[in-house]
Structures are given as structure tokens and as C-alpha cells.
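Me: I would like to go through this model and ask what lies behind the labels. Please set each value against its cut-off.

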Amino acid sequence: MLEYARMPETDITCKPTRDTFIRFGVVLAAFFGFGLYFFYDGSVGYRLQNEVYFSHEAFAALGQQVEKSAPASWKAMTASSPLLPAVQLEDGPAIVWTGEMVFPLPKDCEATRSCPPEVQDYHAMSKGWNDCWLAYTGRMRYPATPCEHPHDEGAIREQWYAGGGCMVVSLLIIWLMVRTKNRVLALEGDTVTAAGRQFRVADITQLDLRQWWGKGVKGAAYATVNGRKIKMDGMTYGGFGEKGTADAFMKALLAQYKGEILEYERDDAGKQ
């Protein structure tokens, strides 16, 4: 918890707790991290997975074809042909299926320009294309096992949308952190400050303490002022326990408030 200055018994100021910002930080890190992950897949990850997927398909097809070829013709064919028959689009090379489905590849995809030396090795391919594939992925530092299916342009756009959504939520969390930092839960004389509003104790027509006291304390009370419910969040502001000030705030408020109170029946120990 944060440190609090000593104040008169009737004047209590509860500032945001350290635990509140820790929780904010954890959620912010999660959404920001997922956003970066989605952006990576949209710009690099899915394209690279497409390259590995189609390269694996090409190795398998060439493995079937090498058995019907002679060493000289094989060398000439693989030296003059790319591994992947891609087309060049505005944002880079891509594999196109049936003229409709477009699967983008990395912009610097070497497989669209030539066959790798592992494919050009006739004797190695004749013994087993899978060993050549493992040698190729090892050299390129690619995963040896391709993804289950390639990713088309729509799937890549979805990654950008998801990443953007995560970043919007991250900005919202940052805004909530700033707002929380600038607020307090306080009682100064007969003036209450809560949820960014100020009102007098005499203006409260009902005080709902059902989520404040007792077993499984939730730390939230609601004051009805001019027909509106205003939340007094003791878990966020002040906190409970030995170093908490939320209970002191509520005791000081109840010392002045004489109106209707909603609460569950409690014993002397404060339990339900």
C-alpha cells in the first residue's frame, strides 16, 4: 500500500493503493503484448508460415518428380526455376490459388527466385526429399513442421485488426490508470470526494454498504445523492488491512451520516 499522511480523525484521504496499479500493469502488459504478437503475425509471422507451408509442398512434389529425372536434366531444371511459382503483387510476392485465394509471402522470399541447393542436389533428393527438407529448414532456421494450412489475405488482415483492438484497450487502461492516480476517496469536514465528484454528507439519502462489510469483503459502497448512485471504492482507494485507510474513512463518514443504510446483518466481529 502507499504511505498516507496523518490527518485529523474526521478528515480522511484515501489514495490509490499500490496493488491497484500492479493489477492495472498486469492487464496492460497482457493486452500490449498480445497486440505486438498480432502485429508480428500480420506483418511477418503469417507470411513466413506461408513460405514454409508451400516450400514443404514443393519439396514433396519434387521428391516425387526426381525419380523420373536424370541427373543432368534435374540440375538444369532446378538451377533455372524458383522453388515457389509466386506472382508479384503490390505488397510483395504471393501464391495464388484458382485466381481467387491469395497467400502472401515474405517480401524477401528467396524461394520465389531460385531453388535452394538442397533441392538441386540430385543424389540427396533421390535418397529422400525429407532429409533435404530438414537440411534446408536447418540452414534457414525455419520450423521443420509446417502449419496445418496457409493464411490468406483475410487472415492476415484479421491479425492487424486484432492487434489494433488490443492497442485500443491498452490506451484505455492507461487512461484509467491516469484517472485513478488523479482521484482520491476523501472526507474533509462534511464534504465527501468519491468517483471524481464532491458532495456533502447531508446530501446522501441512502448508503449501501452490502458490498463493504462482512465475509468476502468487496470494498465498495454506494451513496445515493440526488437520485444518482456514486461508488466509493475502498479496495482501490485506501485499501483494507493494517495499513489501509478505507475503514477509517467509512467510520468517519458514518459518524456524521444519519440516513438510511443498507447492509447485511453482521455480528460484533463484523462478519455476516
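Me: Which residue of β7 does threonine 193 stand opposite?

Reply: Threonine 193 stands opposite glutamine 198 in β7. This is a predicted model, in which local features need pLDDT of at least 70, side-chain atom pairs count only at pLDDT 80 or more, and totals for chains, interfaces and linings use all residues. Residues are numbered from 1 along each chain as its sequence is written, and side-chain values use heavy atoms, with hydrogens and water left out.

Me: How do you know that β6 and β7 pair?

Reply: Two strands pair if DSSP finds at least two bridges between them. Strand β6 (residues 191-194) and β7 have four bridges, in the antiparallel sense. Strands here are DSSP runs of E with at least two residues, and helices are runs of H or I with at least four, numbered from the N terminus.

Me: Why are β1 and β7 said to stand at the edges?

Reply: The open sheet has four strands in the order β1-β5-β6-β7, with antiparallel pairing. Because β1 (12-14) and β7 (197-200) each have a single partner strand, one side of each is left without a neighbour in the sheet.

Me: Which helix lies across β1, β5 and β6?

Reply: Helix α7 (residues 246-256) does, running at about 40° to β5 (185-188). Such angles run from 0 to 180 degrees between N-to-C directions, with axes as lines fitted to C-alpha atoms, for helices over the stretch in contact.

Me: What makes β2 and β4 the edge strands of the three-stranded sheet?

Reply: The order in this open sheet is β2-β3-β4, with antiparallel pairing. Both β2 (87-89) and β4 (101-104) pair on one side only. β2 and strand β3 (residues 92-97) are joined over three bridges, and glutamine 88 stands opposite proline 93 in β3. Helix α1 (residues 18-65) packs on the sheet, touching β3 and β4, and its direction makes about 105° with that of β4. Touching, or contact, means heavy atoms within 4.5 Å.

Me: Why is glutamine 120 called buried?

Reply: Buried means under 20% relative accessible area, exposed over 50%, and partly exposed in between (1.4 Å probe, protein chains only). Glutamine 120 has 19%, so it counts as buried. Arginine 23, in helix α1, has 43% and therefore counts as partly exposed.

Me: Why is the pair of tyrosine 37 and phenylalanine 38 called edge-to-face?

Reply: Rings of Phe, Tyr and Trp (its six-membered ring) pair if their centres lie within 6.5 Å; planes under 30 degrees apart count as stacked, over 60 as edge-to-face and the rest as tilted. The structure holds 12 aromatic pairs. In this one the centres are 6.4 Å apart and the planes at 65°, so the pair is edge-to-face. The rings of tyrosine 136 and tyrosine 142 have centres 6.3 Å apart and planes at 85°, so that pair is edge-to-face as well. Both tyrosine 136 and tyrosine 142 are buried.
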